[in-house]
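Here are my notes on the model, point by point. Please read them with the structure open.

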Amino acid sequence: MDKKLQNQIAIITGASSGIGEGCAKEFSKAGATVVVNYPVDAAKDMAEKVVADITATGGNAIAYKCDVSKEDEVIKMFVDVVAQFGTVDILINNAGLQRDSKFEEMSLATWNFVIGVNLTGQFLCAREAIKEFLRRGVDETRSKAAGKIICMSSVHEVIPWAGHANYAASKGGIMLMMKTIAQEFAPRKIRINSIAPGAIQTPINKDAWDTAAHLQNLLRLIPEKRIGNVEDIGKAAVFLASDDADYINGTTLFVDGGMTLYPGFEDNG
Ligand code: BGC
């Protein structure tokens, strides 16, 4: 099999479940060594299960606890990973969460919590990754790029989402942070892109698919008429991180079964 990420080191934040877990497994299949980041002790067992699944198939992975919203923890994670593996080639800026609330009832703490993990967390991890990419520069035995960052965004970087103002604001923010740093670092051969997943079957949106009625309601929003799975995202992330995508920089790849195609208009509006 053609291993597109052979010997590359990938930090995947929020990889103990959901889309992050799916990316970790696809990256391992593509030959990468994977740092399975998890945020809190309660997620340790899940992260270690992901690592065990990867090593059982002959891959390399470690679990690493770090709350991406905490500057000192993020800095330490990159120092420790570089000390252990020599460098970092890929950052999957995936860690994210929802704390939904009617807008008029949303507390500042709820706002700050979501922005802190989803947006500030991506800023902190991207900054530390870029420092390492700039230090190493291009090593053609690894990749044509000095480094690759994939920001996990959402269809809600463009689709407004009532009841989720903090989440949608974080994803809209990711879009322009990603494009801005892609513009800033493309001349240094660093590639930065986003993936915007639609409805992917994970714990974050369980209440949208956990009953037949809920799922039917959700499928109205998806022209392909199926909910996505984490492999759909993991495979897209492997492509974007690989040299096959060497000329792709500063763009968002929507992986959403058509959710952003205004499905309400499919029958004459
Ligand atoms: C959200 C999910 C939602 C999906 C489509 C994602 O970003 O986290 O809860 O199902 O967007 O609306």
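1. Is Glu105 buried or exposed? Glu105 is exposed, at a relative accessible area of 57%. Exposed means over 50%, buried under 20%, and partly exposed in between, with a 1.4 Å probe and protein chains only. Glu105 sits in the loop between β4 and α4. Gly163 is 58 residues away from Glu105 in sequence, and their C-alpha atoms are 9.9 Å apart.

2. A word on the basis of these values. The model is predicted: local features need pLDDT of at least 70, side-chain atom pairs count only at pLDDT 80 or more, and totals for chains, interfaces and linings use all residues. Residues are numbered from 1 along each chain as its sequence is written, and side-chain values use heavy atoms, with hydrogens and water left out.

3. The ligand site. The residues around the ligand are Gln98, Ser154, His156, Trp161, Tyr167, Gly198, Ala199, Ile204, Asn205 and Met259. Each has a heavy atom within 4 Å of the ligand. By class, this shell has five nonpolar, five polar and no charged residues. Here Ala, Val, Leu, Ile, Met, Phe, Trp, Tyr, Cys and Pro count as nonpolar, Asp, Glu, Lys and Arg as charged, and the others, Gly among them, as polar.

4. A polar side-chain atom of Tyr167 is 2.5 Å from a ligand oxygen. For Ser154, the distance from a side-chain N or O atom to a ligand oxygen is 2.7 Å. For Asn205, a polar side-chain atom lies 3.3 Å from a ligand oxygen. On its own the ligand has 310 Å² of accessible area, and the protein covers 90% of that. These areas come from the Shrake-Rupley method with a 1.4 Å probe; for residues, only the protein chains shown count as cover.

5. Helix α5 (165–185). Helices (H or I, at least four residues) and strands (E, at least two) are DSSP runs, numbered from the N terminus. The 21 residues of α5 should span 30 Å at 1.5 Å a residue, and its end C-alpha atoms are 30 Å apart, which agrees. The expected span is 1.5 Å times one less than the number of residues. Tyr167 is among the buried residues of α5, which also include Asn166, Lys171, Met178 and Phe185. Their cover includes α4 (108–136), β5, β6 and β7.

6. Helix α7 (230–241). α7 has 12 residues and reaches 16 Å from its first C-alpha to its last, close to the 16 Å expected. Its buried residues include Val230, Ile233, Ala237 and Ala241. An α-helix has 3.6 residues a turn, so residues three or four places apart point the same way. What covers the buried residues of α7 includes α1 (18–29), β4 (90–93), β5 (147–152), β6 (190–197) and β7 (252–255).

7. Asp89 is in the loop between α3 (71–85) and β4, and at 2% relative accessibility it counts as buried. A polar side-chain atom of Asp89 lies 2.7 Å from the backbone nitrogen of Ile9. Gln8 is in the segment before β1 (9–12); Gln8 is buried too, at 3%. Its side chain reaches the backbone oxygen of Arg142 at 3.1 Å. Asp89 touches Gln8 and Arg142, among others (contact means heavy atoms within 4.5 Å).

8. Two lysines to check. Most residues other than glycine have a negative phi. Lys189, in the loop between α5 and β6, has a phi near 65 degrees. Lys225, in the loop between α6 (212–219) and α7, has a phi of about 60 degrees. Lys189 is partly exposed at 34% relative accessibility, and Lys225 is partly exposed at 42%.

9. Thr251. This residue lies in the loop between α7 and β7 and is partly exposed, at 32%. Away from its sequence neighbours within four places, Thr251 is in contact with Met178, Ile192, Asn193 and Ser194.

Terms used: Polar contact = N/O pair within 3.5 Å; in protein donor to acceptor, adjacent residues only side chain to side chain.
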